[in-house]
Amino acid sequence: MSTYRHIVGNEDPVTINELPADRALVETLVSRGVIDRQMRRDLFGLLYPRKSTEKVVLRSLLGFATAFFLFGFSAILAANWNDLGVMLRLGLPQLIFAASLAGAIYKGLDKFSGKLLASVTAVSIGGVLIVLSQEFQLNADAPWLFGRWLLLALPIVLCARFLPLWIAWICLLNIYTIIFIGEHFSGDEQFLFDAICWSLILISTALVALQQLLLKRNPDSPDWDWLRPAWPRLLLLIWMQILAVSHLSFRYGDFLFDGLETPAIMILLDVVVLAGIHGWLRKSTRFDMWSLLLSTLAIGGQLTIMAVISLAKVFESHNWDWELHFLLGAISAFGIFFACTLYLRKLRDQQRSATPDGDIDNANLTSDSIESEEDAP
Amino acid sequence: MSHAFDDESLMATDVIAYLQGKYQIDETQAIAISQERLNYNAFPLYLRILIGVGAVVSGGLLLIFMGISGLLDADMNRLVVGIAMLGLAIYVHQRSRDRDQATASFVAEQQLSFLGVFTGKILIVTGASGLGEELGAFFGVLAFTLATYWIYDLYVDRLASCAGTLVSGLFLLLSTFDLSAQVVGILVHLMVPLGLAIYLHPRIKQAYNPLAIALIGVAAAFALGAMAEGILGVRPWIEFFNGEGVSSWRGDHQTGIWGPLASLLMSLITCCSLIGLVVWACGGKSSLRSRYVIATIALTLLLGVASLTSTMIGLIAIILGYVCHDRLITLVGAVFLLVTLWIAIHSLQMGLMTTGIVLILASLVLLAGYFLFRYWSFGDQPENGSQEIAEEGVPHA
């Protein structure tokens, strides 16, 4: 059994259908006398085809050699940066930009290598801007740099249709938003905190909605296959939940301890985000248990934080001993996560009953005999 | 049959069906042996994560409560309360084993048991280390590892407990027994072949895989730290020939040939482990005639001369993962390999220019390795070479 499966556990009883055949299994069969040396040799040829091994070894060596060369070349450049002269300093990032752009066009954006070169082009725009601002002493601040980088890279990001590049661009957009609000909006810290959290939540919501809209309008189009993987959406949802939990926790604390300065609508909006994400995941992902786990974890964590803050307020109001506060907090946390586990297990049961045939395809190989694994030699 | 034979990863059923079709083997016995290699765990990770998070949060708050109320002021109190909580957790866990997993009480007992294990382990370690410092901490961790290893069928828990025991044992050797980093290093590097033997031996149960990975992982972390500190790698030799004395973790410098020799010995142990693994993976002694194995041994010895043991342990993890079709181990090994190479170069402390030149030279060596494999190991085999190797037991690797 693989280490991943060993750690993660199994939805259903594992069968030997899901057990990869490997060298150790073959050796066990030999040592128990089930197969002889001739069969063993035959199996090795079957399990480890020569061609695939060759490919792995050669590609790894070539990959390492390329990485070493690039890092070495960069280190030599960095060591001699000041001695390079203005033209070379300005020209190098632009050369990388032009070469990678030409390479991306030559290879074609439908190929992985073309997409990778397009990503280098988008990153090199940042390098060009940094060098330009340094050489001509433009007094460029962070919003200037990130804003232009975002704008100039956008056409490449749109054309490349490459999800890792999109995620990098979205990270840059988040950084730009935080810096922009911090520098251009005046107000107290709470207002800035609200503005940053809500802007970032809105950006992520808009991007997830856009992805869903595009996929809904083009359900079978192969042109949009690049947008179909679920992991970017999951990342954005995790980010939204982290923001909502952090915002709600701080604002709830302010609400209880500092009076009514915090409008209740701010707290309600966070609740709507958390509940909305959970409801949407239940409806749209057809019980993707890992997404639902993250959502349940966010809600459970949020409830625990609010329970502990509420208890702190009660204890402060009545001047009670603080140690009991932590004991009650422990009991509350235990109860909340116990309820969360029961709830998630109920969802899992619903999922399993919804797919009665999604079970094992070889019942005679599942077995309770597996339970005796620990006792087996 | 669920997988075609041209798929990248064949399943046990595929192999059994193939053998049955071609050689008429005893199918029932083959299935029984395959089933022994499964490790059944029907309570999926996402439910255990929720239970675990609940247990850690409530356990943390419980510890704060006990700390503030003065229950844990004395070391002995911590030890006694910890043992009591761990004992209670084991009792609850054992009781819940026979329960129907569909009931709410099963979940409650599991969570209670996790909470007891979490708080119990922390209290035992802090109490025992307060009473007996490194010796107490080691025996505390060892005791709860032995008490829980065969009871809690949780890979991560077993891995963490074993790694904790090994790390506390290392501190014990370095601090209490005052052994030099070189001696400890040799002992730690011996954990690599031991871990490999536990992981690969067909008669050792799958339940000991976390122990094997902990042995290799702790050895890898130690080797990395030793290389960064200059105890391993090229630096001991440079320092020896410059008459500077070899670095040590205690901050002092030891002169003499012992430091570089110890580094070489550690390297030799890791080299032998890597070569042994490659030879085992390729089918045993007969594979030594294969050009692939010869080229791999040559590259391994080259790494051995540079004493890059952590890099070799990274390679061991990659090959182990490949041979056992275990992608997680291969992935971890690949990431670790890159980290070790970066630290190996950084630990030379040569400045950007020299580092850049070294990196480019290393890339040329790797390129030479590429051509060696492509045109000598793989390219110049006889037409029936693949058959010949297969008959020798080499997995066409």
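From the N terminus on, the elements of chain A run α-α-α-α-α-α-α-α-α-α-α-α-α. This is a predicted model, where local features need pLDDT of at least 70 and side-chain atom pairs count only at pLDDT 80 or more, while totals for chains, interfaces and linings use all residues. Residues are numbered from 1 along each chain as its sequence is written, and chains are lettered from A and ligands numbered from 1 in the order in which they are written.

Q: How many helices does chain B have?
A: Helices here are DSSP runs of H or I with at least four residues, and strands are runs of E with at least two, numbered from the N terminus. Chain B has 0 strands, and its helices number 15.

Q: Is the packing of α9(A) and α10(A) roughly parallel or roughly antiparallel?
A: Take residues 189-217 (α9) and 231-257 (α10) of chain A: their axes sit 10 Å apart, at an angle of about 155 degrees. Axes are lines fitted to C-alpha atoms, for helices over the stretch in contact, and angles run from 0 to 180 degrees between N-to-C directions. Under 35 degrees counts as roughly parallel, over 145 as roughly antiparallel, 65 to 115 as roughly perpendicular and the rest as oblique. So α9(A) against α10(A) is roughly antiparallel.

Q: How many nonpolar residues are in the contact of α9(A) with α10(A)?
A: Residues touch here if their C-beta atoms, placed from the backbone, lie within 7 Å. Those meeting include Phe193(A) and Leu200(A) from α9(A), and Trp239(A) and Leu243(A) from α10(A). Ala, Val, Leu, Ile, Met, Phe, Trp, Tyr, Cys and Pro count as nonpolar, Asp, Glu, Lys and Arg as charged, and the others, Gly among them, as polar. By class, the contact of α9(A) with α10(A) has 5 polar and 2 charged residues, and the nonpolar ones number 13.

Q: Is Asp178(B) buried or exposed?
A: Asp178(B) sits in the loop between α6 (155-176) and α7 (181-200) of chain B, and its phi is positive, near 55 degrees. A residue is buried if 20 or more other C-beta atoms (placed from the backbone) lie within 10 Å of its own, exposed if 12 or fewer, and partly exposed in between. Asp178(B) has 8 within that distance, so it's exposed.

Q: What is the phi of Arg161(A)?
A: Most residues other than glycine have a negative phi. Arg161(A) lies in the loop between α7 (142-160) and α8 (163-184) of chain A. Arg161(A) isn't a glycine, yet its phi is positive, at about 50 degrees.

Definitions and conventions:
Contact = placed C-beta atoms within 7 Å.
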